[in-house]
Amino acid sequence: MDILTLIVPLLLAGAALLGLWRRVDVYDALLTGAAEGLGVLLRIVPALIALLTAVWMLRASGALELLAEVLAPVLERLGIPPETVALLLVRPVSGSAALGVGADLIRTYGPDSTIGRTAAVMLGSTETTFYTIAVYFSAAGIKKTRYAVPAALCADLAGFLAAAWAVRLLFPA
Amino acid sequence: MGMSVIWAGMVLLSLACGLATGRGGEVAAAAMEGASAGVELCLSMAGALCLWMGVMEVLRRSGAIRALSRLLRPVLGWLYPDFARDGGVMDAVSANVSANLLGLGNAATPLGLDAARRMSRRSPGVASDSLCMLVVCNTASIQLIPTTVAAVRAGAGSAAPFDILPAVWLASALSVTVGILAARLLARLWRD
């Protein structure tokens with residue numbers, strides 16, 4: 001039994017012990033966090049409904065396959081599964097949209113498939129770049145953003161490529 | 001605004017493509033099915049997501065952010081040399097990175113914005129090299145335990161929802177490294 005299988009009970013036990021040791025009201029903190037989780041869900045449900053409607057329509061119409069086919073030569077050369085093309089497009093723009101598209105891929109192709117794993121790693125290793133940039137620069141009152149956008153997009157691109165490579169490396173099909 | 005255009009584009013494209021390929025009926029049915037799939041998806045991940053948010057709240061209250069901040073301080077001095085001696089900025093930045101590592105997005109953003117505001121005081125209106133670095137580091141995900149994604153995988157019936165952790169760490173590390181290198185390189189090359 002390897003450690004990643006046991007990570008859930010280990011984390012739960014570890015957090016509980018740490019909390020008790022630091023004299024935190026563990027149960028109250030759990031409930032507060034879980035209630036916050038409901039708030040997060042409530043915020044993403046509308047986005048998921050809107051996004052999955054559009055994604056399912058795209059799939060049924062054949063447009064998604066067409067788009068994937070057009071981009072396939074480029075993506076395949078880079079080692080990225082063409083099926084993830086919609087995820088690549090929305091990831092930098094909207095977090096909830098990316099979660100919707102990614103979760104749909106994970107469900108459709110199976111969480112333990114190469115495509116499902118790649119989508120999961122892409123979601124886990126990238127951020128909503130444009131949203132983050134907008135929030136930070138407006139909070140700091142920045143007009144001249146200089147090279148922040150190109151540098152952040154380099155990181156995104158590297159994240160997508162690395163996600164596809166890491167899955168192929170660690171989960172050989 | 002960006003998402004409005006994307007969404008409208010997706011719907012129009014499906015309609016056009018569905019009509020062209022004679023799959024209009026399928027597109028119509030898919031629209032309704034997709035909407036219910038959105039709700040089901042949310043329900044399938046609800047339990048795991050709420051549980052993890054609870055565990056993270058326990059960690060936060062246990063002082064995990066402060067403990068990590070202390071460990072990270074020396075590294076961050078190298079990333080933000082202009083502010084290495086500015087206690088206020090370094091405190092905010094190290095707490096921001098720690099909260100990001102723990103996946104506490106709600107705690108990380110205000111800390112990061114505090115750091116950004118402090119940094120911007122030296123060069124109002126213009127993003128300094130350090131501020132660009134801060135933004136780039138916050139647009140690259142560095143979460144140690146991606147709980148939301150694991151919740152989605154668990155909801156979809158994965159045998160081991162967390163078995164992607166090493167892959168996520170590898171991909172995140174590469175992405176952050178490329179971001180930092182790109183920022184450092186562009187800092188030298190950029191002409192305003």
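1. A term first: a helix here is a DSSP run of H or I with at least four residues, and helices are numbered from the N terminus. The model is predicted. A:Arg23 is not a glycine, yet its phi is positive, about 55°. The residue counts as exposed because it has 9 C-beta neighbours inside 10 Å, and the limit for that class is 12 or fewer.

2. On chain A as a whole: the chain has 8 helices and 0 strands. Its C-alpha atoms occupy a box of roughly 60 × 50 × 30 Å along the principal axes. The chain has 173 residues, of which 47% count as buried. Taking contacts in chain A between residues at least 6 apart in sequence, 61% link residues at least 24 apart.

3. One residue of helix H3 (residues 63-78) of chain A is A:Ala68. It is partly exposed, because its C-beta neighbours inside 10 Å number 16. Setting aside residues up to four places away in sequence, A:Ala68 touches A:Pro82, A:Glu83 and A:Val85. Between A:Ala68 and A:Leu161 the separation is 93 residues in sequence and 16 Å in space, C-alpha to C-alpha.

4. How do the two chains meet? In this model, 86 residues of chain B are in contact with 88 residues of chain A. On chain B, helix H1 (2-20), H2, helix H5 (105-120), helix H6 (129-139), H7 and H8 each supply at least two residues of the side that touches chain A. H2(B) gives the most to that side, with 24 residues. By class, the residues on the side of chain B that touches chain A are 55 nonpolar, 22 polar and 9 charged.

5. One place to look at contact between the chains is H6(A) against helix H8 (residues 165-189) of chain B. Their axes come within 9 Å and cross at roughly 45°, which makes H6(A) oblique to H8(B). The crossing of H6(A) past H8(B) is right-handed. From H6(A), the contact uses A:Val121, A:Gly124 and A:Ser125; from H8(B), it uses B:Ala167, B:Val168, B:Ala171, B:Ser172 and B:Ser175. This contact of H6(A) with H8(B) has 4 nonpolar, 4 polar and no charged residues.

6. H8(B) also packs against a helix of its own chain. The axes of H6(B) and H8(B) come within 10 Å and cross at roughly 160°. The two helices, H6(B) and H8(B), are therefore roughly antiparallel, and their crossing is right-handed. On the H6(B) side the contact involves B:Asp129, B:Cys132, B:Met133, B:Val136 and B:Cys137, and on the H8(B) side B:Val176, B:Gly179, B:Ile180, B:Ala183 and B:Ala187. Sorted by class, the contact of H6(B) with H8(B) has 8 nonpolar, 1 polar and 1 charged residues.

7. Which residues have the most contacts inside the largest nonpolar core? They are A:Val121, A:Ala151, A:Ala155, B:Cys132 and B:Val136, in a core of 115 residues. Apart from neighbours within four places in sequence, A:Ala151 is in contact with B:Cys132, B:Val136, B:Gly179, B:Ala182, B:Ala183 and B:Leu186.

8. Is helix H7 (residues 147-155) of chain B mostly covered or mostly open? It is mostly covered, with 9 of its 9 residues buried. The buried residues include B:Thr147, B:Val149 and B:Arg153. Among what covers H7(B) are helix H5 (95-109) and helix H6 (114-125) of chain A and helix H2 (24-61) of chain B. After H7(B) comes B:Gly157, with a positive phi near 90°.

Methods: Residues are numbered from 1 along each chain as its sequence is written. Chains are lettered from A and ligands numbered from 1 in the order in which they are written. This is a predicted model: local features need pLDDT of at least 70, side-chain atom pairs count only at pLDDT 80 or more; totals for chains, interfaces and linings use all residues. A residue is buried if 20 or more other C-beta atoms lie within 10 Å of its own, exposed if 12 or fewer, and partly exposed in between; C-beta atoms are placed from the backbone. Two residues are in contact if their C-beta atoms, placed from the backbone, lie within 7 Å. Axes are lines fitted to C-alpha atoms, for helices over the stretch in contact, and angles run from 0 to 180 degrees between N-to-C directions. Angles under 35 degrees count as roughly parallel, over 145 as roughly antiparallel, 65 to 115 as roughly perpendicular and the rest as oblique. A crossing is left-handed if the near helix is turned anticlockwise from the far one by less than a right angle, and right-handed if clockwise. Ala, Val, Leu, Ile, Met, Phe, Trp, Tyr, Cys and Pro count as nonpolar, Asp, Glu, Lys and Arg as charged, and the others, Gly among them, as polar. A nonpolar core is a set of buried Ala, Val, Leu, Ile, Met, Phe, Trp, Tyr and Cys residues joined through C-beta atoms within 7 Å.
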